[in-house]
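This report goes through one structure by topic. The sequence and the coordinates come before the discussion.

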Amino acid sequence: MATYISHSPAETEALGEKLGRVAQRGLVIALSGDLGAGKTQFVRGLARGLGVAGRVHSPTFTLVNEYGGGRLPLFHLDLYRLETAEQIRSAGIEEFLSPEGVSVIEWAERIANEEGRMKNEENAKRMVRVRIEIMSETERKIIYDDFGA
Ligand SMILES: Nc1ncnc2c1ncn2[C@@H]1O[C@H](COP(=O)(O)OP(=O)(O)OP(=O)(O)O)[C@@H](O)[C@H]1O
Ligand SMILES: [Mg+2]
């Protein structure tokens, strides 16, 4: 695990960008943290690191936003609205847990059970967990599985 203190949205984006530059096909990034922590901000950097052009917004009416045009396709999921186990089961997220590109999942804590199932070594290599904690208005503590940045 690594810890990074971010002092601005730009610094949070820059960490995402570093991860985007080294991301391999099949990587799943599990983001957690409170409302307004900076998860979407992190995804903006990730997209930039992958060379994806265009704007990044959380999917609100769909499960996933797909961004192309980069080194690899980026699948952006936001599970905030999935509250019950049944909603999670029927949402169809399985395919994004072994993506033909890179998946990034906001509110990944919603699928804590599925994450538990993914703990075998094969999958662990393909998953990076990133937790963003709000320290103050502009300061964030970002705790993440080391990806060699
Ligand atoms: N160091 C920082 N890193 C990231 N965001 C910051 C930082 N300091 C302030 N902010 C602000 O916090 C907000 C983060 O919003 P963002 O949408 O990225 O959060 P989120 O975690 O995706 O929230 P949600 O759970 O609602 O999707 C933005 O308004 C951003 O400007
Ligand atoms: Mg968000």
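## Packing of α1 and α2

In this predicted model, helix α1 (residues 9-22) packs against helix α2 (residues 39-50) with their axes 6 Å apart and at an angle of about 40°. Angles under 35 degrees would count as roughly parallel and 65 to 115 as roughly perpendicular; α1 and α2 are therefore oblique to each other. The crossing of α1 past α2 is right-handed.

On the α1 side, the contact is formed by Pro9, Thr12, Glu13, Leu15, Gly16, Glu17, Leu19, Gly20 and Arg21. The α2 side contributes Gln41, Phe42, Arg44, Gly45, Leu46, Arg48, Gly49 and Leu50. Sorted by class, this contact of α1 with α2 holds six nonpolar, six polar and five charged residues.

## The magnesium site

Which residues coordinate the magnesium ion (ligand 2)? The donors are OG1 of Thr40 and OE of Glu106, at 2.1 to 2.2 Å. These two residues come from distant parts of the chain, 66 residues apart: threonine 40 belongs to helix α2, while glutamate 106 belongs to strand β5 (residues 102-106).

Are the two coordinating residues buried or exposed? Buried means under 20% relative accessible area. Threonine 40 has a relative accessible area of 19%, so this residue is buried. Glutamate 106 has a relative accessible area of 3% and is therefore buried as well.

## Glutamate 11 in α1

Glutamate 11 is located in helix α1 and has a relative accessible area of 27%, so it is partly exposed. Leaving out residues up to four places away in sequence, glutamate 11 touches Tyr4, Ile5 and Ser6.

How far apart in space are glutamate 11 and glutamate 139? Their C-alpha atoms are 9.9 Å apart, and 128 residues separate them in sequence.

Glycine 68 sits in the loop between β3 (64-67) and β4 (74-78). With a relative accessible area of 44%, glycine 68 is partly exposed. Apart from neighbours within four places in sequence, glycine 68 is in contact with Val52 and Ala53. From the C-alpha atom of glycine 68 to that of leucine 50, the separation is 9.6 Å, and the two residues are 18 residues apart along the chain. Leucine 50 is also one of the α2 residues in the contact with α1.

Leucine 79 is found in the loop between β4 and α3 (85-90). This leucine 79 counts as buried, at 1% relative accessibility. When residues up to four places away in sequence are not counted, leucine 79 touches Leu63, Ile93, Ile105, Glu106, Trp107, Arg110 and Ile111. Glu106 in that list is also a donor to the magnesium ion. The C-alpha atoms of leucine 79 and leucine 63 are separated by 7.5 Å, at 16 residues apart along the chain.

## The chain as a whole

How many helices and strands does the protein chain have? There are five helices and seven strands. Read from the N terminus on, the order of elements is β-α-β-α-β-β-α-β-α-α-β-β.

The protein chain has 149 residues, of which 46% count as buried. Among contacts in the protein chain with a separation of 6 or more, 63% are between residues 24 or more positions apart.

Definitions and conventions: Residues are numbered from 1 along each chain as its sequence is written. Chains are lettered from A and ligands numbered from 1 in the order in which they are written. This is a predicted model: local features need pLDDT of at least 70, side-chain atom pairs count only at pLDDT 80 or more; totals for chains, interfaces and linings use all residues. Side-chain values use heavy atoms; hydrogens and water are left out. Axes are lines fitted to C-alpha atoms, for helices over the stretch in contact, and angles run from 0 to 180 degrees between N-to-C directions. Helices (H or I, at least four residues) and strands (E, at least two) are DSSP runs, numbered from the N terminus. Angles under 35 degrees count as roughly parallel, over 145 as roughly antiparallel, 65 to 115 as roughly perpendicular and the rest as oblique. A crossing is left-handed if the near helix is turned anticlockwise from the far one by less than a right angle, and right-handed if clockwise. Contact means heavy atoms within 4.5 Å. Ala, Val, Leu, Ile, Met, Phe, Trp, Tyr, Cys and Pro count as nonpolar, Asp, Glu, Lys and Arg as charged, and the others, Gly among them, as polar. Donors are N, O and S atoms within 2.8 Å of the metal (3.2 Å for Na, K and Ca); water is not among the atoms, so sites may look incomplete. Buried means under 20% relative accessible area, exposed over 50%, partly exposed in between (1.4 Å probe, protein chains only).
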